[in-house]
Each structure stands twice: as C-alpha cells, then as structure tokens.
Amino acid sequence: MSSFRNQYIDINKWTRPGIKNNGVRKLTVHYTANPGATAANHYTFFGRTLPETNRTRPLSKQEFASAHIFVDRTDAICIIPLNEVAYHANDVQQIVNGQPYRGVAALKPNANFLSVGVELCIEKNGTFHPDTVARAEQVCAELCKMFKLDPINDIVRHYDITHKICPAPWVSNPQGFTGFKSRVKKRMAGTVVTGSVVSNPAVTHTDTGRFIKNTVVAKDGLVLRTQRSAASSMVLTLPNGTIVKYQLGSTVNGWGYVEYTNSKGQTFHGYVNVSYIKSDNELKSSGQKKSSSSKPKTTEKSKFSLPNGVFKVTSPLTKGEAVKQIQTALAALYYYPDKGAPNNGIDGYYGPKTANAVKRFQSMYGLTADGIYGPKTKAKVEALLK
Ligand SMILES: [Zn+2]
C-alpha cells in the first residue's frame with residue numbers, strides 16, 4: 001500500500017504547469033509555514049484558491065507556487081504527478097557572483113525540473129508533529145525506492161538548494177534533518193522505527209548582554225519568532241505567565257531577545273514583542289513601585305478584537321472600524337487584503353480584495369471559502385491569534 005494518495009489538482013499556469021520534468025534526482029523537503037493547516041487544506045489552496053486569486057491579480061502580483069506531496073499527521077496527498085514540474089525550489093534568495101545561489105550541484109540549474117517536493121505541515125505552534133515526521137519518513141522511503149535514491153545523499157532541504165529558511169525547524173536544527181534521513185534509510189531496510197525528532201526553527205542572534213531571569217509573559221499565546229518581525233517564522237507560542245529570560249539591551253524596534261526553557265529542559269531562543277513581557281528588574285531600576293500598586297489587576301486582552309456579525313462585499317462597500325479589525329487580524333496571519341499596497345490594503349473597506357483575503361484564509365483552514373466573514377471565520381481567526 002502506498003504511503004500517500006494521489007489527488008491531483010487541475011493543470012493551471014500558477015501551480016501545476018503540466019510540464020514533464022527531467023527525471024527525479026533528489027527529494028526536496030519543505031515545511032508549509034501555515035500553522036495548523038492540513039494536507040487537504042493545501043490541496044484546496046493550490047488547486048483552487050491560489051489559481052482563482054491569481055486570475056484577478058496583475059501579473060506582478062501573481063504567485064507561482066506548489067509542491068508534489070503534502071504530509072500531515074494523518075494524511076499524505078500527492079497533488080501533482082511525480083513526473084511533472086511543481087514550483088517549489090527555484091526561488092532566488094541570494095545572488096552569488098551575479099547568479100542565484102544554488103547549493104545542490106545535481107539540481108542545477110532549476111530544481112523544479114529535477115526533484116520531487118515534499119511538504120511537511122506544521123502544528124498551530126509552528127512545530128512538526130511526530131506523526132507528521134513519521135509519515136513523511138514513510139513517504140520519502142517509498143519515493144527513494146521508486147526513484148532509486150539514497151536517502152542520506154539524495155534527500156535535501158529547500159534551504160540546501162536556495163538558502164530559503166525552509167524547513168525552518170531543520171534549518172535551525174540540522175540534526176533533526178540528519179535523524180530524519182537516517183530513519184528513512186531504516187524504514188527502507190524494513191527496520192521498525194519509532195518516535196521522531198521535533199525541533200525548533202532557526203534563530204540567528206548576535207547580540208550579547210546579561211539576561212534578566214524573571215521576565216514574565218503577559219499575553220496568552222505570545223509568539224516567539226526567528227527574527228525581529230511579525231512576518232518571521234514562529235519558534236513556539238508561550239502561555240500567559242510563562243517565565244523567560246530577557247536579554248538586556250536587545251530590544252530593537254519593539255522586539256527583544258528572550259530565552260525559554262521548558263519543563264523537559266529544552267531551551268528555545270527567539271524574539272518577542274516586548275510590550276507583552278514584564279520584568280521586575282527593569283521596573284525596579286526605573287524607580288517604579290511594584291506590588292503595592294492600587295490598580296486592580298486587569299486581564300491582558302488580545303491585541304486583536306474582531307466584530308460580530310456578517311461582512312461581505314456590498315454596494316456601496318461596507319466600511320469602518322469593524323472592517324479594519326477584520327483586515328488587521330487577517331494581515332497578522334499573513335492574509336493581506338493587498339500585499340505590498342500602502343498598509344497592505346488595510347483601509348477599512350470590505351471590497352473584493354478583502355473578500356479575497358477572507359476566502360484564501362477560509363480555504364486554508366477548511367471553512368467554506370465564500371469570502372464572507374461570519375461567526376465561523378471569526379472563531380478560526382480568533383483561535384489562531386490567541
Ligand atoms: Zn520550501
């Protein structure tokens with residue numbers, strides 16, 4: 001029995017060009033970077049949502065993207081035949097001597113013609129679930145047999161090819177990837193493999209400075225990120241009240257560096273929005289009184305509030321603060337009304353572009369993709385922003 005099922009998307013110029021590839025020399029592994037979205041969600045996204053979205057965009061804003069197989073905890077779907085090109089590993093991240101960086105010689109000049117792309121879905125907190133990793137091992141073992149590949153040398157990360165931080169958990173922790181490949185090899189040999197490695201994404205940090213031990217997270221679901229930007233990858237989310245260490249002097253543009261050690265002794269590093277952390281030491285040194293405050297304790301509210309009711313494209317367009325709240329929350333999840341436009345299209349008008357952002361979001365999270373904001377969409381957005 002195959003470890004994956006074929007459910008092909010229709011040929012279209014943005015996600016499945018229908019071009020035959022030039023054989024399969026390597027497998028390229030990726031992570032989806034869409035927290036909580038399943039393999040089936042990605043089938044819908046690349047089969048329907050992205051092509052439909054592109055159809056109404058100017059060429060400069062159209063996105064060309066896809067991969068062959070999507071793996072989650074319980075499912076693995078091949079959405080593009082393995083003898084066809086998918087758009088997964090020919091991006092330009094870096095120019096070296098006037099040429100795009102290409103780190104895997106066997107895949108030059110265009111890895112999309114020479115490798116199969118396997119995407120691992122991530123959990124809501126940005127990590128790989130052990131079951132997803134185990135399933136991906138089965139898929140890769142089957143593909144290695146099919147194309148006569150050696151798992152140790154012929155499974156590469158997207159990062160190895162173009163230097164894109166993908167799959168982020170295995171860029172920061174290359175041992176996670178090494179372990180993955182050796183388990184694929186064991187599976188090919190028929191050895192029983194149990195368990196797998198879950199690890200955190202890459203954080204590059206060069207600041208030095210003393211850490212303040214008793215820094216408290218004051219927001220539920222505070223996201224620890226790989227860079228000083230809400231657009232960077234998530235390392236993990238921290239519950240309200242979590243104790244972390246904050247590095248003095250590390251805050252730039254509102255983002256500071258923290259270290260967090262969980263109950264199992266694993267340590268994670270990354271950047272957080274410092275308006276959501278509180279440190280006694282800093283309060284003391286700035287002369288503020290603590291604990292004797294007469295202020296009642298308030299519950300930290302989510303930064304995002306969302307309106308009730310139903311919002312859709314109307315004539316004339318619905319406008320106002322409520323629409324802006326919807327747009328802002330979607331943008332925080334990277335579903336921009338108009339990426340690259342002023343304020344990414346957050347303008348308070350529920351027009352076709354906002355409806356489209358809602359539609360893309362709905363499609364990715366398994367909701368009816370009608371572009372109409374209602375209670376179900378609200379609940380899903382809220383759950384993800386918590
Ligand atoms: Zn990738």
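The model is predicted: local features need pLDDT of at least 70, side-chain atom pairs count only at pLDDT 80 or more, and totals for chains, interfaces and linings use all residues. Residues are numbered from 1 along each chain as its sequence is written, and side-chain values use heavy atoms, with hydrogens and water left out.

**View 1. The zinc ion and its protein donors are His30 (ND1), His158 (ND1) and Cys166 (SG).** These atoms lie 2.1 to 2.2 Å from the zinc ion. Donors are N, O and S atoms within 2.8 Å of the metal (3.2 Å for Na, K and Ca); water is not among the atoms, so sites may look incomplete. Along the chain, the zinc donors follow the spacing H-x127-H-x7-C. Histidine 30 in strand β2 and cysteine 166 in the loop between α4 (158-162) and α5 (168-172) are 136 residues apart, a pair that links distant parts of the chain. Helices (H or I, at least four residues) and strands (E, at least two) are DSSP runs, numbered from the N terminus.

**View 2. An open sheet is formed by six strands.** Their order is β1-β4-β3-β7-β2-β8, and the pairing is mixed. The edges are β1 (5-6) and β8 (155-157), each with a single partner strand, so one side of each has no neighbour in the sheet. Two strands pair if DSSP finds at least two bridges between them. Strands of a sheet pair through backbone hydrogen bonds, either parallel or antiparallel. Strand β1 and strand β4 (residues 76-78) run parallel and are joined by two bridges; here arginine 5 stands opposite isoleucine 77 in β4. Helix α6 (residues 174-188) packs on the sheet and touches β2 (26-31) and β8. Contact means heavy atoms within 4.5 Å. The direction of α6 makes about 160 degrees with that of β8; axes are lines fitted to C-alpha atoms, for helices over the stretch in contact, and angles run from 0 to 180 degrees between N-to-C directions.

**View 3. Histidine 68 lies in the loop between α1 (39-55) and β3 (69-71).** Histidine 68 is buried, with a relative accessible area of 0%. Its side chain reaches two backbone atoms: the oxygen of glutamate 84 at 2.8 Å and the nitrogen of glycine 117 at 3.0 Å. Cysteine 78, in strand β4, is ten residues from histidine 68 in sequence and 5.5 Å from it in space, C-alpha to C-alpha. At 0% relative accessibility, cysteine 78 also counts as buried. Leaving aside neighbours within four places in sequence, the contacts of cysteine 78 include Phe4, Arg5, His68 and Ile69.

**View 4. Aspartate 154 belongs to helix α3 (residues 151-154).** Its relative accessibility is 13%, so aspartate 154 counts as buried. The side chains of aspartate 154 and lysine 26 are joined by a polar contact of 3.1 Å. A polar contact is a pair of N or O atoms within 3.5 Å; within protein, one must be able to donate a hydrogen and the other to accept it, and residues adjacent in sequence count only if both atoms are side-chain atoms. Not counting residues up to four places away in sequence, aspartate 154 touches Arg25, Lys26, Leu27 and Leu149.

**View 5. Strand β10 (residues 222-225) is covered on both faces.** Leu222 and Leu224 on one side and Val223 and Arg225 on the other are all buried. Four bridges connect β10 with strand β11 (residues 234-238), and the two run antiparallel. Arginine 225 has methionine 234 in β11 as its bridge partner.

**View 6. Tyrosine 335 and tyrosine 365 form an edge-to-face pair.** Their ring centres are 6.5 Å apart and their planes stand at 70 degrees. Rings of Phe, Tyr and Trp (its six-membered ring) pair if their centres lie within 6.5 Å; planes under 30 degrees apart count as stacked, over 60 as edge-to-face and the rest as tilted. Both tyrosine 335 and tyrosine 365 are buried. By the ring-pair rule, the count comes to twelve aromatic pairs.

Technical notes: Buried means under 20% relative accessible area, exposed over 50%, partly exposed in between (1.4 Å probe, protein chains only).
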